[in-house]
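Good morning, everyone, and thank you for making the time. I would like to walk you through a structure that may be new to you, beginning with the ligand and then turning to the backbone.

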Amino acid sequence: MAGKDRYAVFGCPIKHSKSPRIHQLFAEQTQQSLEYTAQEVPAERFRESVTGFFSRGGKGLNCTLPLKELAWAFADLTTKRAELSRAVNTLVIQDDDRILGDNTDGCGLITDLKVNHGISLKNSRILILGAGGACRGILAPILENSPHHLILANRTRQRASDLAAEFCILGDIEACDFADLKGQQFDLIINATSASLNDQLPPLADDLLAREGVCYDLAYGNKPTSFVRWGMDNNAKKSLDGLGMLVEQAAEAFFLWRGIRPQTKPVIDVLHSARRFVSGV
Ligand code: NDP
């Protein structure tokens, strides 16, 4: 009898990854026979680890910090959204043994915002904090949703300016640093900095969020992140963390690998109940 199809997530650190649990739940729900493991792979062992995984019959990989740019460079061919983000979080082996690289992060965020939380981006004033890899991955899908305008604010202003210059062909986008935000208001503020991971916050004025505005932190944890708490303190209509995005990007990867789209809500509910608080309420 043939063994189970094998998938994995590579990253460093990887111990706390929720991806094995998410994919196990997807597999049970869709009755797919597969195994999905988490493997600690530092950047310097990326190439040999990926090559070894696929040569031993592995079907697909997720790549997380700090490997997404390496995965983009490694893939034999890439999707348009991976090219735009210059990062790959999903590798798929093709019938001809070439490795396809895709990036499902941006699509995961948009699905969580629009489908799971009913948040419309069209004509919204949107602020993104941060200009790192995650920001790059979400810019194109956000601009495709026709916001009124999009501002990128980053501690290192030049990084935001570089991204704005690169993505301005897709829509109205401007760069600034945090101090320049004074007096402006936004309907949606997305925290794409990694500050929350250290329980820190970028310096944000109290009047930055418009009435009925929404906050979304790409980071997530077992308690509300510092930015989710900032949103709550500033009367956000919703103040959400990135757990839903994580599940949605995983569902998109699962679809690429298995051709079946799992239902995400039951899985999000399981992960929410495991951490005993529901973000956004
Ligand atoms: P990067 O290291 O590429 O970028 C980090 C960004 O955060 C930079 O813009 C950096 O500014 C900024 N930053 C870091 N610390 C601070 C601080 N104390 N104050 C202000 N700005 C700060 O990280 P990523 O872009 O890969 O990840 C960003 C976040 O997104 C992480 O929390 C990550 O966990 C999350 N994420 C969530 C996903 C999900 O599925 N929910 C998917 C992908 C990422 P500077 O340029 O000045 O250094």
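Which pocket is it whose space the ligand takes? Keeping in mind that what we have here is a predicted model, the answer is that the ligand takes the space of the largest pocket. Around the ligand there are 23 residues, and the closest of them are Ala-134, Asn-154, Thr-156, Arg-159 and Leu-218. By kind, this shell divides into 11 nonpolar, 9 polar and 3 charged residues. Helix H6, which runs over 133-144, and helix H9, over 243-258, each supply at least two residues of the shell. Because domain 1 (5-103 + 246-273) and domain 2 (106-241) both give residues to that shell, the ligand lies between them.

Let me turn to individual contacts. A backbone N or O atom of Ala-131 lies 2.9 Å from an oxygen atom of the ligand, a backbone N or O atom of Gly-133 lies 2.9 Å from a ligand oxygen atom, and for Arg-155 a polar side-chain atom lies 2.9 Å from an oxygen atom of the ligand. Taken alone, the ligand exposes 940 Å², of which the protein buries 81%.

Now to the backbone. Most peptide bonds are trans, and most residues other than glycine have a negative phi. Here, however, a cis peptide bond joins Cys-12 and Pro-13, with omega about 5 degrees, and Pro-13 is found in the loop between strand E1 and helix H1. The bond from Leu-65 to Pro-66 is cis as well, with omega near 0 degrees, and Pro-66 lies in the loop between strand E3 and helix H3. Finally, Gln-31, in the loop between H1 and strand E2, has a positive phi of about 55 degrees although it is not a glycine.

Key: Residues are numbered from 1 along each chain as its sequence is written. This is a predicted model: local features need pLDDT of at least 70, side-chain atom pairs count only at pLDDT 80 or more; totals for chains, interfaces and linings use all residues. Side-chain values use heavy atoms; hydrogens and water are left out. A residue is near a molecule or strand if one of its heavy atoms lies within 4 Å of it. A polar contact is a pair of N or O atoms within 3.5 Å; within protein, one must be able to donate a hydrogen and the other to accept it, and residues adjacent in sequence count only if both atoms are side-chain atoms. Accessible areas come from the Shrake-Rupley method with a 1.4 Å probe; for residues, only the protein chains shown count as cover. On a 1 Å grid over the protein atoms alone, a cavity is a set of points where a 1.4 Å probe fits but cannot get out, and a pocket is an open set with protein on both sides within 12 Å along at least five of seven lines; lining residues have an atom within 4 Å of a point. A molecule sits in a cavity or pocket if more than half of its atoms lie within 2 Å of its grid points. Helices (H or I, at least four residues) and strands (E, at least two) are DSSP runs, numbered from the N terminus. Ala, Val, Leu, Ile, Met, Phe, Trp, Tyr, Cys and Pro count as nonpolar, Asp, Glu, Lys and Arg as charged, and the others, Gly among them, as polar. Domain bounds come from an automatic or database domain assignment.
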